Amino acid sequence: MSEMQSTRRGRPGYDQQGILAVAVAAFNEHGYDATSIGMLAERLGLSKSAIYHHFGSKDQILDLALDAALSGLEAVVDDPLPASAVEASEASAVARLEHVLRGAVHVLIGQLPAVTLLLRVRGNTEVERRALTRRRAFDRRITALVSEAQAEGALRADMDASVVARLTFGMINSIVEWYRPGGREGADRLADDVVAIALDGLRRR
């Protein structure tokens, strides 16, 4: 993340973040393998050397983009519950799970291009394999949270926790396929919908 934060100015109009945004859009449009530095240079109106001034390789561009998406999702799991929830004695596993689901929706919408790219990687390069390892670790943390909520008696226990986690995040991840900024639902409303669909059917009655 430090490399993304310490942007260096090149030609007017594009710093490292600007180039990264254009590159991610190109990766999503054409595929990472099919997108060359030359293609990016043409799209940006820069020379290849201007791009290499900011990035050592195309792999580094991919690495930074995937790290942005993964760091956002990982931070959601680490993010503490709001004080209001803690004061209301709601610091349960299901409250934390709801907090994570809402946060994940906000990450997907806030970093839509980078998360879209993350969800399309298949492990063809070392960078992609590292990203998939981190993504699997994230999935395990969600599964553990579901399992904990089941053990507390808040969620029905007749479903496998890993299946619940996969189905829930399958729904959340599908947002990247159809969501368009400026649509009828913003991040808060969409997070409400996700929680209602995902958790209402799982809560014990």
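1. **Helix 12 and its cover.** The buried residues of helix 12 are covered by parts that include helix 7, helix 10 and helix 11. This is a predicted model. The buried residues in question are Ala187, Leu190, Ala191, Val194, Val195, Ala198 and Leu199. Seen down the axis, they fall within an arc of 140°, so they line one face of helix 12. The general rule behind this is that an α-helix has 3.6 residues a turn, so residues three or four places apart point the same way.

2. **Length check on helix 12.** Helix 12 has 14 residues and, at 1.5 Å a residue, should span 20 Å. Its end C-alpha atoms lie 19 Å apart, which agrees.

3. **Helix 10.** Helix 10 runs over residues 161-173. Its 13 residues should span 18 Å at 1.5 Å a residue, and the end C-alpha atoms are 18 Å apart, which agrees. Which residues of helix 10 are buried? They are Ala161, Val164, Ala165, Thr168, Phe169, Ile172 and Asn173. These cover an arc of only 155° around the axis, which puts them on the same side of helix 10. Arg166 and Leu167 are exposed, on the face turned away from the buried side.

4. **What covers helix 10.** The cover over its buried residues includes helix 7 (93-110), helix 8 (112-120), helix 9 (126-151), helix 11 (175-178) and helix 12 (187-200). Take Ile172 as a case. Leaving aside neighbours within four places in sequence, Ile172 is in contact with Leu101, Ala104, Val105, Leu108 and Val194.

5. **The core.** The largest nonpolar core has 68 residues. Which residues have the most contacts inside it? Ile61 and Ile172 do.

6. **Leu40.** Leu40 sits in helix 3 (residues 37-44). Is Leu40 buried or exposed? Its relative accessible area is 1%, under the 20% cut-off, so Leu40 counts as buried. Leaving aside neighbours within four places in sequence, Leu40 is in contact with Ala23, Ala26, Thr35, Ile51 and Ile61. Leu40 and Ile51 are eleven residues apart in sequence, and their C-alpha atoms are 8.4 Å apart in space.

7. **Aromatic pairs.** The structure holds three aromatic pairs. One of them joins Phe27 and Tyr32, edge-to-face, at 5.0 Å centre to centre with 75° between the planes. Phe27 is buried, with a relative accessible area of 2%. Tyr32 is buried too, at 9%. Another pair, Trp178 and Tyr179, is also edge-to-face: 6.3 Å centre to centre, 70° between the planes. Trp178 counts as partly exposed at 49% relative accessibility, whereas Tyr179 is buried at 8%.

8. **A charge over Tyr32.** The charged end of Lys58 sits over the ring of Tyr32, 4.2 Å from the ring centre.

9. **Overall make-up.** The protein has twelve helices and zero strands. Its pattern along the sequence is α-α-α-α-α-α-α-α-α-α-α-α. Of its 205 residues, 44% count as buried. How much of the contact set with a separation of 6 or more comes from residues 24 or more positions apart? The share is 67%.

Note on methods:
Residues numbered from 1 in each chain as written. Predicted model: local features only at pLDDT ≥ 70, side-chain atom pairs only at ≥ 80, totals over all residues. Heavy atoms only, no water. Helix = DSSP H or I, 4+ residues; strand = E, 2+ residues; numbered from the N terminus. Expected span 1.5 Å × (residues − 1). Buried < 20%, exposed > 50% of the residue type's maximum accessible area, 1.4 Å probe, protein only. Arc of directions from axis to C-beta. Contact = heavy atoms within 4.5 Å. Phe/Tyr/Trp six-rings, centres within 6.5 Å; stacked < 30°, edge-to-face > 60°. Lys NZ or Arg CZ within 6 Å of the ring centre and 35° of its normal. Core = buried A, V, L, I, M, F, W, Y, C linked by side-chain atoms within 4.5 Å.
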